[in-house]
Structures are given as C-alpha cells and as structure tokens.
Number of protein chains: 4
Amino acid sequence: MAKVKVGVMGYGVIGQRLADGVACQGDMELIGVVDVAPTLALRALAEKGMPFKLFCAVPDNICKLEDAGIPVAGTVDDLLGQVNVVLDATSAGIGRKNKEIYKERGLKAIFQGGEKNDIADTFFHGYANYEKGVGKDYLKLTSCNTTGLIRAVDCLDRAVGVERVAITIIRRCADPGDTQRGLVDVALVEPVPNHQAVDLMTIMPHIDATGVLVHVPTTHGHIISVVATPKKSISKEEILHIFGQHPRIRVVKIKDGFDSNAAMFRYARDLGNPRGDMYEIALFEETVAFSGDNILFSINIPQEAVVIPESVDAIRACMEMQTAREEAVSLTNKYLGLKARGN
Amino acid sequence: MAKVKVGVMGYGVIGQRLADGVACQGDMELIGVVDVAPTLALRALAEKGMPFKLFCAVPDNICKLEDAGIPVAGTVDDLLGQVNVVLDATSAGIGRKNKEIYKERGLKAIFQGGEKNDIADTFFHGYANYEKGVGKDYLKLTSCNTTGLIRAVDCLDRAVGVERVAITIIRRCADPGDTQRGLVDVALVEPVPNHQAVDLMTIMPHIDATGVLVHVPTTHGHIISVVATPKKSISKEEILHIFGQHPRIRVVKIKDGFDSNAAMFRYARDLGNPRGDMYEIALFEETVAFSGDNILFSINIPQEAVVIPESVDAIRACMEMQTAREEAVSLTNKYLGLKARGN
Amino acid sequence: MAKVKVGVMGYGVIGQRLADGVACQGDMELIGVVDVAPTLALRALAEKGMPFKLFCAVPDNICKLEDAGIPVAGTVDDLLGQVNVVLDATSAGIGRKNKEIYKERGLKAIFQGGEKNDIADTFFHGYANYEKGVGKDYLKLTSCNTTGLIRAVDCLDRAVGVERVAITIIRRCADPGDTQRGLVDVALVEPVPNHQAVDLMTIMPHIDATGVLVHVPTTHGHIISVVATPKKSISKEEILHIFGQHPRIRVVKIKDGFDSNAAMFRYARDLGNPRGDMYEIALFEETVAFSGDNILFSINIPQEAVVIPESVDAIRACMEMQTAREEAVSLTNKYLGLKARGN
Amino acid sequence: MAKVKVGVMGYGVIGQRLADGVACQGDMELIGVVDVAPTLALRALAEKGMPFKLFCAVPDNICKLEDAGIPVAGTVDDLLGQVNVVLDATSAGIGRKNKEIYKERGLKAIFQGGEKNDIADTFFHGYANYEKGVGKDYLKLTSCNTTGLIRAVDCLDRAVGVERVAITIIRRCADPGDTQRGLVDVALVEPVPNHQAVDLMTIMPHIDATGVLVHVPTTHGHIISVVATPKKSISKEEILHIFGQHPRIRVVKIKDGFDSNAAMFRYARDLGNPRGDMYEIALFEETVAFSGDNILFSINIPQEAVVIPESVDAIRACMEMQTAREEAVSLTNKYLGLKARGN
C-alpha cells in the first residue's frame, strides 16, 4: 500500500514533535514542514542537516531563511501539492484561515487543540472516539491536558464505566525555553469548570465532568488529580492493572523516584528519547485511593509531546488507513515504541 | 479580671505572629518572647525599639545578642516565672523537650503543628473542637493547611453535615525569604493520603477524608481544592452565604482580581496588615460548584498567619477564660479585627 | 508656610507608595489619588476606610467604583483644581497625554521612569542632580534600578570621583502578586548596554557606564553588581563608612542573614514597614572588594518603593520648597524615617 | 593501538554524561559504570537495554538492583580489574575514600570539581593547563562554572593576554528534576570572592580574578558576566572571531532567539543531542562591549554537560595518549562532534 503523504504546518513546540512522530510511522511519509521565519527550531533543523524538507509559508521570507543558513525546498503551495493530509500546528486562529486553502485543494486536515471546535467535523481522541473520525475531512485534537486526561478516564470507563469526574488541574504555565509567558511565585486559580472538563464531556457525553484549574510556575508536565465515580466497584489492584496495560500510560512509583513532573522529564531525557520527550502520561501508583465509592488518582501530562500519538491516530482515522480503533492505535503505538509496561 | 500572662517560645515565622496576635488581645498580656540567636526577626524587633521583651534561652548567648544591638531582658527562666501559659513555637521536636520544663513549673502550654500529637492532651482547633480543650494542660494546634481546611469543612458541617472530603493540596514549598528550602520548576507529588486529611479525621472523626498533596514553587498561600459530600442538599447561594458569615473566611471573587495566592498576599500588604499578613482563608467564589451531589470549592491558606487565631483560642480554652466555643472565638475575632464580610 | 498640595495620578504599585510617602511629609498635603477601575489597590483603600480621597479619571466609571464599595470624591478635574503639583504614576505612555492637561491648568508635574525623557525639562535624581530640578515645571524620575544605582554611585563619586562603571543587573521580572508577567526557569539576557547605564550617563555625564542585564524569576529586589573605577584610591573601610553614612543606603552583612533580595523583603515586613516596603537600597558588606584599582560591590534594589524618596525630593525641587540639595533630601529623609545607620 | 579502558564511578548527573562522552571516543573503551541503588538513571539505562555494563559498589545491593529489573554485571572490584583509568563522579567526599582503592590497584583516576584540590596531583583544565596533567596519576577537574569560564578566559588570554577578570556569576540553584535543592523567589548573594575566581587563579596564576556569585531559581545554565582587562588592545570583531574559532564555544546572537540559558537548553533538545545536553558554552554576541580598556562579555554554562570534554581531555593527559594539548583537545572535540562554528 502506498504510504500516506503528510505535511506539517507550523514548526513550533507541537509541529516539531508531530514531524518526528510521523517520520517514525512505517506507513506514512513526511513530505515536509512549513514555517515562516528563522526560529531556533528551524536553526536546529538546519544544524542537524535537514532530515526533512522545509517549505516557506511567506515567499518573501525565503531569503531571510536562507540568509540564516536554513535551506528552503519551496513554498507552502509546493508542499500542499505533494501531500494527502495536513497536520496543522500553527498558532491558534491561523488554522481557520488555512482551512480555506485546504478546502480549495480538497485536502484533509487535522487541527490542534487551540482552534475552536467548529473548525472540524469531529473533536477527536484516538482512544475515546476513533470511530467518529473515520473518513472525516477535518478533525480537531483535544489539547494536551484533555488528551492525557481522557486516556486515563477512557481506560477506566471501558473497564467499569465512569459516571462522573471532578478534576483539579495543576497546570504548568510555560514550556521549557519560553520567555514570553510565565508566573513567578503565583498559583493562579481559574473559575470552575475548566475547559478540559467541558472538552471531556464533548468527547465522552455520557460522563459528567467539572473541576478547577490552577496555574503554577513550572515548565514541565501538568499534574491532574482526579476523583472519578465508577459504575461498578473495582479494587486498587485492578485499577493499577488496567492502567498498566495501557500502552500510553506509565504506572510509576513515587518511592522509585518518579515523584514529580520534573522527574518524568528527567527520566525521558535519560532514556535518550528524542528532544527528551515522553508520549505517555504517568500515573503515580501511590495516589490511587478511594474516597467512599470514588476513585482518586493523579497523573502527569507531558504537555509538549502527549498529543502526538493521538494526532497520528487522527491521520489513520481521517485517511481510513484503519477503520477499527484497536488496529489503528496499535500501529501508532508500535511505530512510536509504546507498549504496555505493567503486570 | 486579671489578664492572662503569656510567653512565646521561639521567635520565628510563627512565633513572631503569635506574639503580635497575643499583644492585640485585651484580656491577655504578652510578657515576652524567647529566642537564642541574633536572627533577622530579632534584629527587626530591636530596630522597632523592642515593643516587648526578649528573653534568651541560652544564657551564654546573651552577649551575642547584645553585641548585635538586641537588648535582652533575662533568661528563659525569668520569663517562665512570670507567665500563666506558654505558646511554644520552637522548631519541631524542641517542644517535647520544653514540655518537661513546663511540667516542672506547672505551666500550661500550647504546641504548634510540627510536634507529634501525643505531646498534648488535645489536638485542638478553635472552631471544630474548642470544648475538648477547655481546662486541659497541653494543647497541640493543627498545622496551617489543616487549620484553614477545617475552618471551611467545619463551617459546612455545622450547616448541612459533611460525610466525606477528598482534597487536593497545592502546597507552597517555602516561606518568603526562606533560603534553606525550595523547589525550582518542579511539582512534587506525595503519596495519598496527606497528613492533613488524617489530621482532619482526628479532629472530626465523623468525617472520612483523604487526598493528594503536590508541592509547588511558590512562597505564598497554599491552595486546597475540596470535593465534599454533604448529608443534606444545599444551594450555591447558601454555601456562599454560610462561608460569607464566617469571620475567618473571606469569600472573594476571581473576577475582582482575587485570583491567586499572590493576589491575597498583595491585598494583605495593601490593607496595611502587620507584616502584610492575613489571618483569614480565602474562598474563591467562582470555584464553588457541584459534581453530582458533591460540593467543590477551592480555598487559599495564608500559611504564615492562619494559625494565629486558633492559637489564641487555645489560650482561652486551656486557661478556661471562656468555656463556650462561640464566646471564645468571638473574643479572639474581635481583638484581631476579624468579622463576617459576606451578605 | 502653607503646605504644598499634591495629587497622585494612578494608584498602582508606584502610585500607592507615592501617596503613602507624600502623606508622611509634614510640609505637604495629599489631596487625593486618581484611578479608573475597582482594582485590588482601591478595594484595600476602601477596606481601610479611605484614609485619603479617591477621584475618578473616567466619569462613567464612578458607578462601577461605588458599586464595588469604593467611595469616589469627584472627578480628576476636581482633584486637579485643588493641587499645586501632580505625581503622575500612570502606565507608561499615559503620562504624555496627561501632560497636556497639566499644561492647560498651569500645573507642575513629576513623571515616573516609564515615560520618555523628553516629557520633562529635567531627568531628575534627588541626590545626583537636585539643583537641575529646582523651579522646573516637569521632572522625570529615574526608574527603580537607576534610582538605586545612582544613589550608590553618586555617593562614591562625591567621595573620590568615579570615572567609569560596568554593571551587571540581575533583574526581578515581576512584582509580588503580578499575574501578567513572569518567567519560569529562565535567565534572560539583554544586549549591552542596558538602559540603566545609559540613564546614569544622562544624569551623571562625567561617568562612563555600561553593562548587561539579566532577567530572573523573582519578584523581590533587583541585585546589581558594580565594578567602579575611582579617581582616587580608597580603602574598604572608607567605602563602607561613606555608604554607611547615607540615609538611603543600608550596609548589611550576609553573615547576619541579610543574604538576598528576599531577606531584605522579609526584614522590611518584620520591621512593620507599611506594605512591608523598604525605601533604602542594601549594600552587601561582604561583596565590597577590589579588582586591580576597581571597586566591586553589590546592592539590592527594592523595586516597589525605592523611587519614593527621590520622587518626594522632586516635589521639593520643582516647587522650590528648598533650593539646596542637602536641605531638601534631609527633610524628605526625616519625614520618611530615613537616617544614617552605619558607624 | 589498544583502546584505553575506562570505568565511571557514580552514575548521577555527571557520571551519566561522562559515560556517554567516553563511549563516543574512538580510542577509548567504556568498560562500565558503578553505582549502588536503583536510581532513575539506572532504571533508564535498563529500559534502554543496558548499552553498557553496570557494576555494583555495594555487593548487598545487587539483589535490590536486580529486583528493580536492572542487570548487574559484577562488583566494583570486577570493574576495577578491567580498566586503565577511572573517572570518579561520586558525591563530593566519596572520591577521597575511593582514591585509596585506586592507589592499591595502581589505577589512575580523575576526580570532579566537588573534591578538595589536594586529592589530585594537578588541578586540571584541558585547554588551560593540559601539559601539567600529562602522565600524572590523579587529576581533578574544575567545576562546571570554572570549566566554562576558563575556556573563555584562556581563549582571550592566548590571543591578547589577560591581566585581570572581575566576574558576576548568576548561578542556577538546582538541576532539572532535582527535588532536594532549590530556591523560590530568592536571589541569594555570596561573599566575594567566589570559589570560581579562586579556582581560576589556581589554574591560571598569572591572572588576578575575583567576583560575586548570586544563586537564582533556574535549573538551566549559569550565566557569567565577565569584565576582563586585556594586556593588548583588541576590537569587538577580533574578540568575536577568536571565540568563534573555539570548538567548545558557541557565539550566539540574542536577536536570533538565543537569549537565555533556557533557550540554549531548548536548542540542545531540538538538535537531538543525547539527553538534550550541550557541551559548548554560549557567548552572547550582543553582550560583548568595552568599559574603558576592559572587555565585557556574558556566557552561558550548561552545567550538566560542560565538564565532559575537559574530563575526556584529562584521560588523554594522564594516560599520555597525547602529550600535546592541541592534539589532545582536537581528538576529544572530533569524537564529541565539536567544531569551530564562527567566521
């Protein structure tokens, strides 16, 4: 079967990782990425010797890029003429303008969480509603927190049914190296409900969700504390077992040193993962507990890379590469090296 | 009636504020404070002209203090000979040694949250179990988080009964100016349950409590997200009303700018509060919500000063100044300028 | 002699402190402050019982303020009709528009460091060039870092002459409670020279100045490391002596615990200073050293309050309350409680 | 020629990177690493499939490691029996005890900056005093800040001679993922001179060095601001040229986005460097300036990996693999992929 040809629009924090993730898929071909200015990300790409091609979204900027030593393979039109599907990782709001261009060309496209829901036919999550994305023209991914949260809630939901979740999100307020945003010595509270709860209900309408979000001064993963009301009783051992079988969830022990968002970041670096990234959310084993019938657990969301697997799933869905959820996510997982680690 | 004579052992973050709080009470007399070395706190006391006396716990250190320009009124024995009750705010573990001295002298004493529970006859909270402290010789206060948390939970419990709470504590990891402790770019997760939940159950054994604690890099108040299961149904308006009537709880609106631990800290400074301190916890109005029958709300705990009112209550209880809870806390509140602010 | 009547435009971080500082001056009268919306600062003012009057810059907003429980005494015009001089502490850029209004009314005005230099007749520093401000209509103050830096450099310059300074500014990137700006886990370098060096040369044109500025994630004082080339030789003891005689410089010892910007902040709180503020810069005694003929020293700049004394000096200068520098700064110092503390 | 067989004692932040660095050298063979407990670093090594062997320093702990799924190849004795030289990266103080063991076995050893100078025959820096290390039994490396600082100062010194340096070190206070150390909202000043200046003078006794050190809350590279007094005049262009020719110095432009320690960290991740590490210091081009005859410049020190190249140089020196400095550092650079990038 011919490989599906993929282009990535926007080579920022997410775009870089989407390109890396697509490049790993045996049944996809990364045609190239698009950006507009000589960012650090593009300078690094050039210093690495351009493992894939760069196309420029603003023809007038080609000189500027080349002056910075960054080879340009052509314009955005050149890229769009060669691909079957676009992963749009441009800044929030730009995707809507780009959609018109994709439409004209009859190209399918997958947008990130920053865009409004109505940009897409389906608000998509690889594990929770894969089937709804199959064959659709435009999909929108959930944002980083929601993606990771849904992984865990969907996993529990398939096992015992989940009626309701109340979540507390401890949100990192900037990415590593971000000098434009930040907080110093502040924990900033947002009104309830947070958008992640609302988004979860959009994807999983049978679950009632709400919760608070607090921004804190870290650049590494978000931490989400979940109180979930299950439909059936389940033991702590069973909970750890089902999470442990999920290829995109790492069950980790605080006592082993996996005690923080920063420990997970450090571990990913020490693993030699590209960019020191982690696709899996971590579930801290010692945080699994009960409050009455409710299940408590806390997870770590590595915000830079967590959406990559589900974004790749989205390509499989809209391009009808696989029509069955299980088959699709298994392939994505295989190519990304994700596998069940638990007992 | 003769004023109750109070001494404060330890003039650190808590001891300084205990001394300030006692000095405000019309029916108490602050005899003095005890410390051992020329700390910044004592240098500031001297620069302010010694509004109260300092006694030295280590006679050999008197010269050192006086060389630093800090007048010393006598030894710890001199202080203990003049007081009816001691507020012990020494470092965790020292209180136990001091207790032997208090015993010998037949002095009542009140310990802070850092000591083990068995140091005291009663593990005490002014609002939740005042009566249990009346006439006792040794009381131990709850720690800062637990003190503030119990204020809110007790308030709800007296209104509708609380069956259960699941809490997520977002804990500040150092006080302003602390150069010995800290975290950088880390959100550190502790095993469930946190000690605050356990302590809450000790004080309020009819409530089931558990939850997670995450340390974050701020120096201002802790944020606690609470999921409480009430025994009777109650509306959001009623919840805001009962919290609004509590003299030690400020109901604040995020939309007014009270959006963070740091905003509360700044507001206390702008109020002209001594040391820029705040005795009240804040309840963020826009975080009050429901998840099924459960009530969600988030509070801010100003860790440096929050325990002062309940510590003053403890003096009233053990010294039998008032035998009724309502009467006692009302007097403490009056002298500290605490009053209901809600509608 | 009639008191000089002062109005303060803008009741933010600086405006609040200007109002406090003016209110302390025995020969000035604070007529009131002007602002436009129910900020936390104004809510605190109302909770304190309106120690001085508030005027509203936007008549349509008066209702909004009163709905928030903040009494309004009138419009900005009402204030301007009652004052002799305005301290303008509005956001950068607004001062220029306001100047037109002051001009029409024939009012003198003093602007803060955020405005462009050409807004004023004189770029002013109470200690370094007081005489140049005498009788002028419009003065502009130096910014917080420059104000503190010039205090130290001017002090040294008057003693032995300073030829040249090379400075490294370690700049706090947000104020306590600021949720709009910040950095997480970043030390951000700016091109040389920083504007503080340029500003120093504008005020003290006989000195050559340059240096680098690095933004770091703290909310407390800036730290400036200075390498100064003196014209005459001077001993470490003499340096400490002259700094110790300066009423706006505190010579502190790291070994006493004055080891950081945060320790200075904490000390100001413990002193009971209004808002926990500090007018004085701190000079860390153990950082005074020599590199060849050059003098090294490091200072702490408490950014929230440091400009207040020089702003009050500016009133004295432009209103010709005192024509001699020494007399003027002495009065400001007296009313603010500033005095030489060294030996 | 037979490869030199190297063992690494201690597999922490530095030990991990020493192992990686040695493994890249075509003329060295990494026999294995030694550690004592199932740290995250060892768990990551196991998850990567043990690219090299682990030996256990405490025989009783072998079970513990194997229970954690970490294969152990033998005891520390087994390793020491197979190597020609040891890189000791154990915690400060342990190296001294280990030295006795190395001595008994007649093994050469290279210690890190945490040990006292007298542990070694030579206090060593690959570029500044390679010759002094040739053939010696015990070398001690400079610490991270000093290593990077000396690279820059030595480079300038070889070009025009350096008489004197005054440095301001803005020191990161923890490594990424460190939960044991940290500062929140504090810039902590140390007495002058810092140890880095003293160490520089030990290695380069013809230069007078002093300066201040300020700890700040970041986990990424240190920033050092240098004021250097050259013996001969040199232009800005020449300075940039000589730094640009140094394979271990990256001259970067703030305007290109290389504006901070965090930007350098991010760039290293985007380059795909193992663990997201950077061996090179960065020199911020726009910080090069003059103050009188003095040269100002600021550099970034990537504290986790910066000492690796000079540590590899140390193997070459003590094992007499190369007797000439140029030849040695060139080989190290070649194997680590370090090359001049400037014009």
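**Strands, copies and burial in a predicted model**

Reader: What joins strand S2 of chain B to strand S3 of chain B?

Author: Strand S2 (residues 28–35) and strand S3 (residues 54–56) of chain B run parallel and are joined by 3 bridges. Two strands pair if DSSP finds at least two bridges between them, so with 3 bridges S2 and S3 of chain B count as a pair. B:Asp35 stands opposite B:Cys56 in S3(B). Helices (H or I, at least four residues) and strands (E, at least two) are DSSP runs, numbered from the N terminus.

This is a predicted model, in which local features need pLDDT of at least 70 and side-chain atom pairs count only at pLDDT 80 or more, while totals for chains, interfaces and linings use all residues. Residues are numbered from 1 along each chain as its sequence is written, and chains are lettered from A and ligands numbered from 1 in the order in which they are written.

Reader: Why are strand S4 and strand S7 of chain B called edge strands?

Author: In chain B, an open sheet of 8 strands has the order S4-S3-S2-S1-S5-S6-S8-S7, with parallel pairing. Strand S4 (74–75) and strand S7 (122–124) of chain B each pair on one side only, and they are the edge strands.

Reader: What is the mean pLDDT of chain A?

Author: The mean pLDDT of chain A is 97, and 100% of its residues reach 70 or more; pLDDT is the predictor's confidence in each residue, from 0 to 100. For the complex, the predictor gives an ipTM of 0.97 and a pTM of 0.98.

Reader: What rotation superposes chain A on chain D?

Author: A rotation of 180° with 0.0 Å of shift along its axis superposes them, with an RMSD of 0.0 Å. That is the relation of a two-fold axis. The same surface serves both copies, as 100% of the contact residues of chain A recur in chain D. The superposition is by least squares on the C-alpha atoms of residues with pLDDT of at least 70 in both copies.

Reader: How many residues does the contact take from chain A and from chain D?

Author: The contact takes 29 residues from chain A and 29 residues from chain D, where two residues are in contact if their C-beta atoms, placed from the backbone, lie within 7 Å. On the side of chain A that touches chain D, H10(A) gives the most, with 7 residues.

Reader: Why does A:Leu331 count as partly exposed?

Author: A residue is buried if 20 or more other C-beta atoms lie within 10 Å of its own, exposed if 12 or fewer, and partly exposed in between, with C-beta atoms placed from the backbone. A:Leu331 has 19 C-beta neighbours inside 10 Å, so A:Leu331 is partly exposed. A:Leu331 lies in helix H12 of chain A. Not counting residues up to four places away in sequence, A:Leu331 touches A:Arg316 and A:Gln322.

Reader: Is A:Asp185 buried or exposed?

Author: A:Asp185 has 30 other C-beta atoms within 10 Å, so A:Asp185 is buried. The residue is found in the loop between strand S9 (162–172) and strand S10 (188–190) of chain A, and its phi is near 60°, a positive value in a residue other than glycine. Most residues other than glycine have a negative phi, and most peptide bonds are trans.

Reader: Why does B:Arg275 count as buried?

Author: B:Arg275 has 23 C-beta neighbours inside 10 Å and therefore counts as buried. Phi of B:Arg275 is near 60°, a positive value.

Reader: What is the peptide bond from B:Val192 to B:Pro193?

Author: The bond from B:Val192 to B:Pro193 is cis, with omega near 0°. B:Pro193 lies in the loop between strand S10 (188–190) and helix H8 (195–203) of chain B.
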